[in-house]
Amino acid sequence: MARSVTTQRKTLNTVIAWGIGLLIFFPILWTILTSFKTEAQAIADPPVWFFFDWTLENYRVVQERSNYSRFLWNSVIIAGGSTLLGMMVAIPAAWSMAFVPSTQTKNILLWMLSTKMLPAVGVLYPIYLIFIQLGLLDSRIGLTLVLMLINLPIMVWMLYTYFKEIPGEILEAARMDGAGLRQEILYVLTPMAIPGIASTMLLNIILAWNEAFWTLNLTAARAAPLTAFIASYSSPEGLFYAKLSAASTMAIAPILIIGWFSQKQLVRGLTFGAVK
Amino acid sequence: MATKASRSAARLMLAPAVILLLGWMLVPLTMTLIFSFQRYLPMRGGFLDWVGFENYVRFVTSSAFWPAVQATLIIVGGVLLITVILGILLAVLLDQPMWGQGIVRILVIAPFFVMPTVSGLVWKNMFMDPNNGLLSHLWRFFGADPIIWLSDASMASIILIVSWQWLPFATLILLTAIQSLDSEQIEAAEMDGASALSRFWHIVLPHLARAITIVILIQTIFLLAIFAEIFVTTQGSFGTRTLTYLIYQRVLESQNVGLGSAGGIYAVILANIFALFLMRIVGKNLDR
Amino acid sequence: MSLRKSLYAATAMGLISAVGASADTLTIATVNNGDMIRMQSLSSEFTEATGIALEWVILEENILRQRVTQDIATSGGQFDVMTIGMYETPIWAARDWLVSLDGLPDDYDIDDILPAMRAGLSHEGSLYAAPFYGESSMVMYRTDLMEAAGLEMPEAPTWDDIAEAAAAMTDRDNNINGICIRGRAGWGENMAFITTVANSFGARWFDEDWNAQLDSPEWLEAVTFYNDLLQNYGPAGAANNGFNENLTLFQQGRCGMWIDATVAASFVTNPNDSTVADHVGFALAPNKDGMDKRANWLWAWALAIPAGTQQEAAAMEFINWATSKEYLELVAEREGWANVPPGSRTSLYENPDYAEVPFAAMTLQSINAADPNNPTVDPVPYVGIQYVAIPEWAGIGTSAGQEFSAMVAGQLTPEQALQRAQALVTDEMEAAGY
């Protein structure tokens, strides 16, 4: 960094930024802490912070009641599957719009995005009826398809803005070297587009993982992901904050960990063309 | 520059996405449109008769309609305002030199990974509950009467919860944009004796315009459809019944598919007005 | 290929996969209430005995209702056994959506089911859902606080008694509220309670021509009374409190009284969860001075088989197990008599072991005091006490409930809330074609 700053200034920045960061993170931290308390400690006033008898009891209860690993596995398959499937459709589409633009490109792009605004509740009945006809209810395939479709516009958009930043001269140079369309995509574009592709995939996994309307309404037991898992802990009888916290932690932990480890990739590509 | 061959190849590559989305949009939408002209009550045997525009008139004249549109706009507007303003401030802050920047970024980004149902439940129970919630403990600690968040400040509560989820997204995009700012430009302004505030106002903010539009566009798309946060907290009580929620009540609680479908069509129209409006702006920005 | 043909092809493919996945496995949808969770944990015994595997879909009440209603209305066929209530059963049975339970074996002893429960879960003389547990409502109160206030709770109190007791027990400085009752919007939440109050004040939802009656003076009196109770003696945030929130408050010792489901009795007297377990008394739901109707409701969570399931025989077998006398004994053996799912069978209340449970007698008395076929003072065209057994009720009840919830939050006066509720009920009934 070219700008020079005093240590005081840096310290001040650090203190403020950490304060705000912790404040934003606090609800998650509190949920994780509460998941290790007893129900009575969970509602104690004044609240107990770190010094309590840490217990795994809530996790044991939750695991006993629900088959966590199956919900988790369904979430993984559905989020991962819809992302992969979506990329297979979105990459060619974004590529063609970015490198062979026509007068319609912008309109198509904006139209795609507008399909995302369809209110899900408004089309629940039709989708449900179609799913019955096709035997797709409570199937991972059906859910994967739906999640792929609802996130496809975002994927295409993100990839498009990414691809567009790849300078056209490189392509022409490749073409002059006699590269065909396939090679062009495979050896020239793809490597340059990897950060964009990676971050599109990550964002999509997050969105699919957290989708809570279709995943709840189109599944029963076999294909139910973690959003359905949490729906059985939302208000049981009696005190439940600690159990709710444990279930919540279990539901968000995998994606939180993936997100944190890959945040560099996510951030690098998460521009939607915001940067020019 | 494109050859004829590559142009048709391009069309071929675009086709799957367009066809899929067209199908995804048209098939259910057509069915919804058909339902909307019917008296369709699953609990009374499904399709009963054709009623023309009756459902449309009924939906729009019901006392719940305009408050629902209003609630939708307030929530979307409120969240956008909060996330954009705080997002800019946070992005500027995170751009400053500091220790542990990576960790702070991890902390800030975290709420984005939390599923809406979980964040709704956690906020409602563990923070906003007037008897056992953490905020009520805090208020009592200072000798104040706890706020009854979900009923007395219902809108603010929903906006708070949703903003918490979307602030990371706004911050990240804005941060990326700020980091792409030419630091020489800032230094030049600094040497000209421009104050920090005027540097922010005249250089940083204009540079962010495009990023801000993108944040608004993407978030609006998601915010128009928010459901889970309301479903697990107020269930549409206390003036938080958005258009989406109203349709949900018509379709699933009243089991009046015709009426709900008419509502769905209204929501599509509203969304498209929004879209058109936003895309005008974004479209312009895209060309720049 | 025509669209029809391709649909058939796809359907066939779907069927193959569906059948492959569900052989000898029952998918059971149920509520996340304590008794059901206990059923789930005990169900391994059923699987061991019969070889029938079970898939549990346990959801929070609102989500469960939405899921099963959606599924049954579209013949989705996702569930083999559904947990439904007294409200849904007759409506769904009338549409031929449920399998009649006449096929239950003789040793199931269908005549042992409490008459009120059986009546509420039957359609044209056949049982369509087997009660897993049943409930009425009653007053649960703190004996120690009543004593300290120098009052005694009559076994059959009037609303005036309740108001007096609530005023005497309220102690804001010590965080004790005189009364906790439901304020959270929902047809199965605040409207269940408010409707029973209205019944006891002589009000009714509809006259015999299905005209909404919320503009009547009886409604205003009932709703005003309810509102005053909560405003003066209720807990903070009462507008968001449903059954669970009030249960938690009562267990923490923050309520002098709680008028709610009889099943709650076993939770508030369970020393593991309740700080006031030793100081709870029970009384009948109140009436208004000079009027006969008490504010009792009647409800059962029951197990039903959706028509069209491939697993009818296995589903029947499961229901036979889960709602049998043997199941009650199994729970008693493992968890003690106090934790047995109550309110379903006569034999349970004739069992001397169960008679020692402190709330057994009052529960039975409350259930017997409720009459869903005759819920109000003036005649009505509907059955159901705390609900109106028509398909539109869920929508009506919840929207009206939101107005009353806003009233409890202080955003509307009783007059305004009733006016709005009347308007939207009229509206919805019109939309449904009454």
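Colleague: Which residue stands opposite C:Trp299 in strand 10 of chain C?

Modeller: This is a predicted model, in which local features need pLDDT of at least 70, side-chain atom pairs count only at pLDDT 80 or more, and totals for chains, interfaces and linings use all residues. Residues are numbered from 1 along each chain as its sequence is written, and chains are lettered from A and ligands numbered from 1 in the order in which they are written. Strands (E, at least two residues) and helices (H or I, at least four) are DSSP runs numbered from the N terminus. Opposite C:Trp299 stands C:Glu135.

Colleague: How many bridges join strand 6 of chain C to strand 10 of chain C?

Modeller: Two strands pair if DSSP finds at least two bridges between them. Strand 3 (residues 81–85) of chain C pairs antiparallel with strand 10 over four bridges, and C:Gly85 stands opposite C:Trp301 there. Strand 6 (residues 130–142) also runs antiparallel to strand 10, and the bridges joining them number six.

Colleague: Why is strand 10 of chain C largely enclosed by the rest of the structure?

Modeller: A residue is buried if 20 or more other C-beta atoms, placed from the backbone, lie within 10 Å of its own, exposed if 12 or fewer, and partly exposed in between. On one side C:Leu298, C:Ala300, C:Ala302 and C:Ala304 are buried, and on the other C:Trp299, C:Trp301 and C:Leu303. Strand 10 (residues 298–304) is largely enclosed because its buried residues are seven of seven.

Colleague: Which helix of chain C gives the largest share of the side that touches chain A?

Modeller: Contact means C-beta atoms, placed from the backbone, within 7 Å. The contact takes 33 residues from chain C and 24 residues from chain A. On the side of chain C, nine residues, the largest share, come from helix 1.

Notes:
Contact = placed C-beta atoms within 7 Å.
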